[in-house]
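Hi,

Here is the model I promised to pass on. Have a look at it first, and then read my notes below.

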Amino acid sequence: MERRKPSESPLFQQLLGLGLALLLVIVVTSVLIALSGKSPLAAFQAMIKGAFGTKNSTAETMIKTVPLLLAALGLTICYRTGLTSLGSEGQIVIGGLMATIVGIYMGGLPKPILVPLAMIAGMIGGGLWASIAGFLKAKLGVSEIINTIMLNYVATYFVSYLISSGPLQEESGFYPQSDLLSQNAWLSSILPGTRMHTGVIVAAVSVVAVYLLLWKLPLGYQMRAVGNNPIAARTNGIKVARNMVLAMVLSGVFAGLAGAIELMGIHHRLMNGFSSSYGFDAMAVALLGGLHPAGVTVAALFFGALRTGANTMQRTLQVPVSLVNVIQGLVILFVLMQAVLRSFTIKLFTSKKGAAAKEA
Amino acid sequence: MDILSGFLEAMVRMACPIMLASLGALFTARSGIINFAMEGIMIMGAFFGVYGSHMTGNPWIGAVFGMLAGLAASMVLGVMSISVKVDQVVAGTGINVLFLGLTSYLFTVMYPNGQPSSVNTFPTLPIPVLSGIPVVGILFRQSLLTYLAFLLVPVIWYLLNRTTFGLCLRAVGEQPHAADSLGIHVDKMRYVAIILAGLLGGLGGAALSLGQVSVFIENMTSGRGYVAWSAVTVGKWNPFGIMGASLLFGGAEAVQLRLQAMGISLPHQFFQMLPYVLTMVVLAGVVGRTVGPKAMGKPFIKGER
Amino acid sequence: MGEKVLEMRNVTKRFGRLIANDKVNFDLEKGEVHALLGENGAGKTTLMNCLYGIYSPEEGEILLRGQPLALNGPKDAIAHNIGMVHQHFMLVPPLTVLQNIVLGQECRLSPMKLDRARREVEELCRLYGFQLDLDTKVADLSVGAQQRVELVKALYRGADILILDEPTAVLTPTEVEGLFEILRQFVSQGKSIIIISHKLWEVKQISNRVTVLRSGAAVSTVFTADVEESDLADMMVGKKVSLQYEKTPVKSQEAIFEMRNVNVTGSQRASSLKDLSLHICKGEILGIAGVDGNGQLELSEAVMGLAEIQSGQVFFDGEEITRVPTRRRIERGFAHIPEERMTQGLVMNFSASENMILNCYDRPPFTKNHIFDNRAVRENGKKLVEEYDVRPRSPEAAARSFSGGNQQKVIIAREFSQDPKLVVAVQPTRGLDIGASEFVHHKLLERKEQGAGVLLISADLDEVLAVSDRVLVINEGEIMGEFIPGTISYGDIGLMMGGTRQGKKEGDPA
C-alpha cells in the first residue's frame, strides 16, 4: 500500500546524497592509506597535483577520461533500457582489434579517410560482440549479466592469441604485440606537447549524441519505457526484445569506439591489456553519473583524474595504484546507499533541530 | 593411462574451489538473493588464506582466515541486498571491484618483496586401498579439502530437502510473503544464507590459493566467482547438479592444463577460453527449461506485494 | 452468542499521510460470522492485517478475550489462535500440500518429521470433509483446492478466530456454496469468523453481523437480519448506488471485430482458448463474464495481438488481421485498458503526460520529422488531465504518485484520446471506488455512442450486466453461452460460469 517516493527527487537531495557518499569514500580510503603508514593528506595532495598540476597532467587526465566516458555512455543507454551489461571491457578489446586490422592492412589510405574508417570498424566490432549477449537474452532468455562477463574473458584470450602466436603478431615475432598502425591511423594531438588527441572531441560529440538519443528521439522514449516497465511497453505494442538487442549493440558500439580511440590515440599497436580495465570502471562511472550524459561526463573526469593522480601518488609516495580499485568499489557501494545515507542525515538533522527547539 | 589419470586429478582439483563457492552461492540463491559478489568473496578467501597460512604455518588456520574474510565480504552483500535493498547485481559488482582492489592493495603493502615465502599448503591424504586402484586411484589421493567439498554435496542436499531449515529457506526464496505470514523471519533466513555463502566462498578461495601452488596472485580468481554462480543455474539449484557443473568446469580447466603440458600445437588461449565458452553454451542450453527461485533478486518489503 | 472473543478499539493505521484506518472499533463474538463490508480501498484488509500482526497500528488497542494483545508479527497472532486466509494465497507453489501446512512451525537442522503432522492433518480433513492429497504440489492444485489448503493450514495451527479476505473472489458460484457450508460447520464447532467482502448478497447470506467500513472509518455495525441489501449498499457508499445505466439499442449489425475458431495456448490448460469465436458490432458493448483465470487474459491478448494465435482467424473492419502486430492494431484504432494497471498499463516512473503517449509517441504531434517533441507531450498532458478529470492536476508528476482511480483515468485518457474504433477493457474498475467506476462506465458508454465496438471483460458480474448490450460467458477458454442482460436468471449465469453449457440443463427453456 505504501507508496515509494518519486525516484526523481530534487537536485539538492541528489547532491546531498552524492556528497555524503563521496565523503565516506574519502574517509575509508584515508584509513587504508594511513594503515600503510603514509599520510592520507599527502597522498590526496599528490593525487590532485598529479591529475591537474601541469598542462601535461591535465592532458593525461583528459585522455584517460575519453575511453571511460565513451564506454560509460554506452552503458547509460544499456542500463536505461533495463539491461545490466558488464561487458564493456571485452567490447573495448574487440573495438581495438578491429581498429588495428584496419589501421595495419588499409594503412595506405589517407588520414581523413583512414581515421574515421578505423573508428567505424571499432564500433562495428564492439556492437557485434555485444550483440551475442543481446541475442542470447532476447531469443533464449539467458541472463545478459553472466554472458557479458564471459565474453570479456573470451575477447581477451582471443586477442591475446592473435598477437602472440596468431596472424597479428609483429613481424619480428618477438613480443606478443601487433605491428604499429600506419601513421595515417594515428590520432593527432590537439594540445601541442601533450598526448591529448582528437578523441576528446569525439567523446564530447558522443555526450551530446547520447543525450539526444535518449530524450529527443522516439527511440529513446521507447528504450526508457522498456527499461522502466517492459510489460507496459509490450502491452502498448513496443517490441521489447528488439529494443534490448539494440541497446546492447549501441553500448557495444560506444565501447568499441573507446577501444579504437585508445589504440589509435595512445598505444598505436595492439597489445595485451591495452584497455587497462576501462570497461569495468565505466560501470562505476555510469552509476556515479546517475545514468545521465552530463553526470556521466563529470564522473568520467573524476575517474580519469583518479587514475592519473594515482600514478603520481605511487611514484612519489609508494602508495599502490590498486587503491584506485578500492576507491571505485567504495564509490559504487556508497552511491548505491546514498538514498539511505540521505534520509539518515536528514532525520538526524531534523531530530537535532527538534531537540534544540525544545530546549529553547 | 597417465594422461587420463593426470586429467582426472586436475579436473577434481580444479573443480574443488568452484564447487565450494557454488554450494555457498546455492544457499543465497535458494533464499532469493543473486550472489554476484562471489568473485569478491573468493578473492578475499584466497588472499587471507595465504596470509593466515603464512603467519601461522598451518594451512588449516589459513583456511579459517579465508572463511572469515569471505564472510566479511559476503556480509557487505547481505547488508546491501537485505537491509538497504539495492540492486543486487550492481552491489555485487561493486563488492568485486572493492575486494579485488583491496586484496591487491594489501598484498603490495604487506608483501612489498613479492610472494611470502614458505606458505604451507593443504597436505594430500591418500585413502588406503582406494588410492591404489589404477587410473582412478588418483581421485583418492587428494587434499582433505577436496574430500570435504564432495562430502558437502549430500550434506547440503539433505539440509535443503530433508530439514525444516531447508523448507523455510526455500519458502523464503519462493514466496517471502507467504513465509512471513507464517512467522518465518525472511531477513534473518537470508542473512543465514549470506553467512553460509561467505564461509563456503571464502573456503573456495582458500582452496584456490592454498591448493597446489600456494601463491596469491592479484586477481587470481579470474572469473571463477562468476563461473561458480553460473554453476548454480547450470546445476539446476541442486547440490548434485552443482557437483556435475563444477566437474564440467574443472574438466575444461584440466583439459587446458593437460594439453598445454603435452605441448599440443593449438594455441593455449583457446583452451583458456574453454571454461568461459562452456559456461555460455551450457547456460543457453539450460535456461528456459528450468525455473529458479521465484523471488530471486527481489528485496523483501513487508506488506508490499 | 454473547461472549466477546475479540475487540479492536480506536485502531488507527497510517501510511505516510494516508490514513488507512481511522479510529476503527470492531468486535467479534464467539461462534459468529462477522462480515467486514466496504468498497475496495475502504481499509478492510489493512484492518485485518493489523489484527494478524502484519502491520502495527499507530493508535488504539486490540483485546483478545479481554486481555490486551501485543502483536509483533503473524507468529504472535498464530500463537493466539488467530488464523488468516489472504486474498492472494500465502502458499509456496513448489512445495507439497503437507509441507505448506507445516511450514514455519520450526526451522531446525534436525530431520523433518512429518508423520505426526500428517496424521493430524488427515484427521482435520476427515472432520471437515476436505478431499486433499497431501503429497501433491500446491502448484498443481485448482484455486478452490488451494483455498482449502489455506483453511487447513489455519486450522492446523489451532485457529479459533479465522479471518477470510475476499474468499469468494476466485470461486465459482457452486464453490462459494461449498465454502459457506464449511464456514457454517466451523461456527457450529465454536469458531469465530471474520469475512471481508464487498459483495452484498454474500454478506447477507453468510454473516450474523456486519460492520461497514467507508474510507477507513467504521460507519456502523448491525445485525444482518435487521437490514436489507440496499441499506448495506447505502452505508457502504454513503449514497444510493446506481449501477444502472440508460442503454440505447445497438444500431448497427455490422461487425467491427470478429474471431473465428481461435486457439491460444495459455499459462494454464484451463486458460487456453479453445476454438473460440465471437464478434462485436459497431456501437455495441460485448461483455465477457466468467471466473478469473478462465482465458480472459488470453482473450484480451489475442484481440490485441499480444498472444500468439495457434490457429483460427481474426478480422477487423472486414479485413483479416490475424498476424498484424500490436503496434499496427493500435494505429488502426485499437484501445486497451489492461487488467493490471500498474504493471501493464503504466510506466510508474514516467510522468502522467509521458504515460499519456505510450501508445502514440512515434506519431505526430509527438514525433515530427523523427524528432521527439517534449512540448507537445506536456501540452497533451495538460489538456488531458482537464478533460479526464485527473486529480491532482499535475501532469508532470510521476504516475506512481497518483491514486488507483486517477491512474486508471490516465490510461483511459491515453487510450480514448486516440479516438478508438475498438476498445478492449479488462477489469476496468477493479480496485476503484464507486465514483471512479461510474466514470469508467460512462466513458465506455460514450465510446459506444460514438460507434466504437467495446469488449468488456470482467469477473464482476454486476458490472458486466449493467453495461453490456450482449454477454458471453467464458469457462476454461470456451464460450458457454450468450444472452441479453435481464433475460435470464443469476442462477443460470452461475451454471454457465461453472462450466455448464447453455441449454444443457434439463427443463431449461433456453
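Predicted model: local features only at pLDDT ≥ 70, side-chain atom pairs only at ≥ 80, totals over all residues.

In chain C, M259(C) sits opposite V314(C), a residue of β14(C). That pair belongs to an antiparallel pairing in which β11(C) and strand β14 (residues 311-316) of chain C share five bridges. β11 (residues 255-264) of chain C also pairs with β12 (residues 273-281) of chain C, again in the antiparallel sense, over six bridges. There, A255(C) has C281(C) in β12(C) as its bridge partner.

Six strands make it up, ordered β6-β7-β8-β3-β9-β10, and the pairing is mixed. Which strands stand at the edges? They are β6 (82-85) and β10 (217-223) of chain C; each has a single partner strand, so one side of each has no neighbour in the sheet. From one strand to the next, the twist averages 20 degrees. Within this sheet, β3 (residues 33-37) and β9 (residues 209-214) of chain C run parallel and are joined over four bridges. If you want a spot to start looking, H34(C) is opposite R209(C) of β9(C).

Helix α5 (residues 143-156) of chain C lies across β6 and β7 (161-165) of chain C, and runs at about 170 degrees to β6(C). Helix α6 (residues 173-188) of chain C covers β3, β7 and β8 (192-197) of chain C, where its angle to β8(C) is about 150 degrees.

Now to chain B, which has eleven helices and two strands. Reading from the N terminus, the order is α-α-α-α-β-β-α-α-α-α-α-α-α. Its radius of gyration is 19 Å, close to the 19 Å the globule rule gives for 305 residues, so chain B is as compact as a globular protein of that length. The C-alpha trace of chain B spans about 60 × 45 × 40 Å along its principal axes. Of the 305 residues in chain B, 58% are buried. Among contacts in chain B with a separation of 6 or more, 76% are between residues 24 or more positions apart.

One helix pair in chain B is worth a look. The axes of α2 (residues 38-56) and α3 (residues 59-83) of chain B come within 6 Å and cross at roughly 150 degrees. The crossing of α2(B) and α3(B) is right-handed. Their contact involves 16 nonpolar and ten polar residues, with no charged ones.

Then the chain contacts. Between chains A and B, 40 residues of chain A meet 36 residues of chain B. On the chain A side, α5 (111-140), α6 (144-164), α11 (278-288) and α13 (323-336) each supply at least two residues. α6(A) gives the most to that side, with eleven residues. By class, the chain A side divides into 28 nonpolar, eleven polar and one charged.

And what about chains B and C? Here 20 residues of chain B are in contact with 24 residues of chain C. From chain B, α5 (144-162), α6 (164-174) and α7 (176-181) each bring at least two residues to the side that touches chain C. α6(B) gives the most, with six residues. The chain B side has nine nonpolar, seven polar and four charged residues.

Cheers

How values were computed:
Residues numbered from 1 in each chain as written. Chains lettered and ligands numbered in written order. Axes fitted to C-alpha atoms, helices over the stretch in contact; angles between N-to-C directions. Left-handed = near helix turned anticlockwise from the far one by under 90°. Nonpolar A, V, L, I, M, F, W, Y, C, P; charged D, E, K, R; others polar. Pairing = 2+ DSSP bridges. Contact = placed C-beta atoms within 7 Å. Rg over C-alpha atoms; globule rule 2.2 N^0.38 Å. Buried ≥ 20, exposed ≤ 12 C-beta atoms within 10 Å, placed from the backbone.
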